[in-house]
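Work through the exercises below with the sequence and the structure at hand. Each task is followed by a solution in steps.

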Amino acid sequence: MSGAPDPAAVASVTRTWEGRAARYDRYYRAYAEAGRDAWRALYRDAIAALLGPAEPPLRVLDVGTGTGFAAILLAELGHEVTGMDASERMLAGARAEAARRGVTIRWRHGDGHTPPEGRYDLVTCRYVLWTLPAPEAALAAWARALRPGGAVLIADGLWHTARQLLRFPRLLPGAARDYLGMGRTLPYWRGITAPQTAALLRPAGFGPPRHFEHLMPPRRHRDSRDFFIIGARREK
Ligand SMILES: C[S@@+](CC[C@H](N)C(=O)[O-])C[C@H]1O[C@@H](n2cnc3c(N)ncnc32)[C@H](O)[C@@H]1O
């Protein structure tokens with residue numbers, strides 16, 4: 001489970017997200033709007049707790065940015081944000097959304113296991129760690145992309161079981177085919193827990209984890225659970 005990701009696995013997972021991009025964008029628009037203020041406040045407070053009082057702009061890399069939810073909030077907080085994603089279609093949605101919101105973000109198409117060069121102050125990753133074929137390798141690469149003392153901030157959870165995907169085909173249309181398909185190449189295809197994530201951080205070069213309250217709206221994901229937000233600083 002350690003070491004570099006299998007390029008075929010990354011390509012296969014990326015194809016799945018390309019196929020889900022339009023649906024993800026609709027979902028994002030349907031419910032994410034209500035959470036924007038709370039998530040923006042959470043990012044502001046978590047950044048202060050992890051990095052101390054620092055005047056924006058911080059250099060932030062949002063890995064697996066999708067339609068840009070976190071990247072746009074971080075830009076609205078005044079930070080200099082790079083949003084990267086392996087899916088061109090996701091990035092097209094993110095670009096349109098950033099333009100609509102009037103924020104400037106640098107977009108990068110690529111694999112999050114090999115982040116762009118840059119001595120970032122912060123790497124964010126919302127609902128992405130579980131969908132990486134080699135999350136340990138990705139975390140180690142993010143640590144190297146951070147300045148010493150920079151921080152990672154991860155939001156994730158346990159998303160699905162095979163039983164749930166097969167029993168509730170309308171909950172997430174196409175999800176059984178897509179997620180069970182990705183499961184062949186993902187060590188955490190059901191999702192990842194806070195203790196599992198915390199255990200990956202130390203070997204990747206991060207210090208002790210700090211936990212923040214998660215903001216998943218109640219009842220939105222009836223059968224998903226164990227949502228968490230964890231941050232940690234790169235060891236010097
Ligand atoms: C569940 S979505 C989360 C999107 C966004 N972070 C959010 O909070 O709405 C997962 C995202 O990770 C991206 N992704 C999956 N594997 C990736 C990889 N190896 N490198 C970069 N992005 C990846 C997908 O294309 C998708 O946009």
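**Exercise 1: Strand pairing in the sheet**

β5 and β7 pair in the antiparallel sense over 7 bridges. The model is a predicted one. Starting from this pair, work out the order of the strands and find which strands stand at the edges.

Solution. 

Step 1. Turn to β1 (residues 59–63) and β4 (residues 120–126), which pair in the parallel sense over 3 bridges. In this part of the sheet, Asp62 is placed opposite Thr124 of β4.

Step 2. The open sheet has 7 strands, arranged β3-β2-β1-β4-β5-β7-β6, and its pairing is mixed.

Step 3. Read off the edges. β3 (106–109) and β6 (210–212) each have a single partner strand, so one side of each lacks a neighbour in the sheet. On average, neighbouring strands are turned by 20° against each other, direction ignored.

**Exercise 2: Helices on the sheet**

Solution. 

Step 1. Locate helix α3, residues 88–101. This helix lies across β2 (80–85) and β3, and runs at about 170° to β3.

Step 2. Locate α7, which packs on the sheet and touches β5 (146–158), β6 and β7 (225–233). The direction of α7 makes about 20° with that of β7.

**Exercise 3: Packing of α4 and α7**

Describe how helix α4 packs with helix α7.

Solution. 

Step 1. Apply them. Helix α4 (residues 135–145) and helix α7 (residues 194–204) pack at an angle of about 50°, and their axes are 9 Å apart.

Step 2. Classify the angle. Because of this value, α4 is oblique to α7. The crossing in which α4 passes α7 is right-handed.

Step 3. List the contact residues. α4 contributes Pro135, Glu136, Leu139, Ala140 and Ala143, while α7 contributes Leu200, Leu201, Pro203 and Ala204.

Step 4. Sort them by class: the contact of α4 with α7 has 8 nonpolar residues, no polar ones and 1 charged.

**Exercise 4: The shell around the ligand**

How many residues surround the ligand, and which element gives the largest share of the shell?

Solution. 

Step 1. Count the shell: the ligand is surrounded by 21 residues, of which the closest are Trp17, Gly64, Gly66, Gly112 and Arg126.

Step 2. Assign them to elements. Two or more residues of the shell come from each of α1 (7–51) and α2 (69–76). The largest share, 4 residues, is that of α1.

Step 3. Divide the shell by class: 10 residues are nonpolar, 8 polar and 3 charged.

Conventions: Residues are numbered from 1 along each chain as its sequence is written. This is a predicted model: local features need pLDDT of at least 70, side-chain atom pairs count only at pLDDT 80 or more; totals for chains, interfaces and linings use all residues. A residue is near a molecule or strand if its C-beta atom, placed from the backbone, lies within 6 Å of it. Ala, Val, Leu, Ile, Met, Phe, Trp, Tyr, Cys and Pro count as nonpolar, Asp, Glu, Lys and Arg as charged, and the others, Gly among them, as polar. Axes are lines fitted to C-alpha atoms, for helices over the stretch in contact, and angles run from 0 to 180 degrees between N-to-C directions. Angles under 35 degrees count as roughly parallel, over 145 as roughly antiparallel, 65 to 115 as roughly perpendicular and the rest as oblique. A crossing is left-handed if the near helix is turned anticlockwise from the far one by less than a right angle, and right-handed if clockwise. Two residues are in contact if their C-beta atoms, placed from the backbone, lie within 7 Å. Two strands pair if DSSP finds at least two bridges between them.
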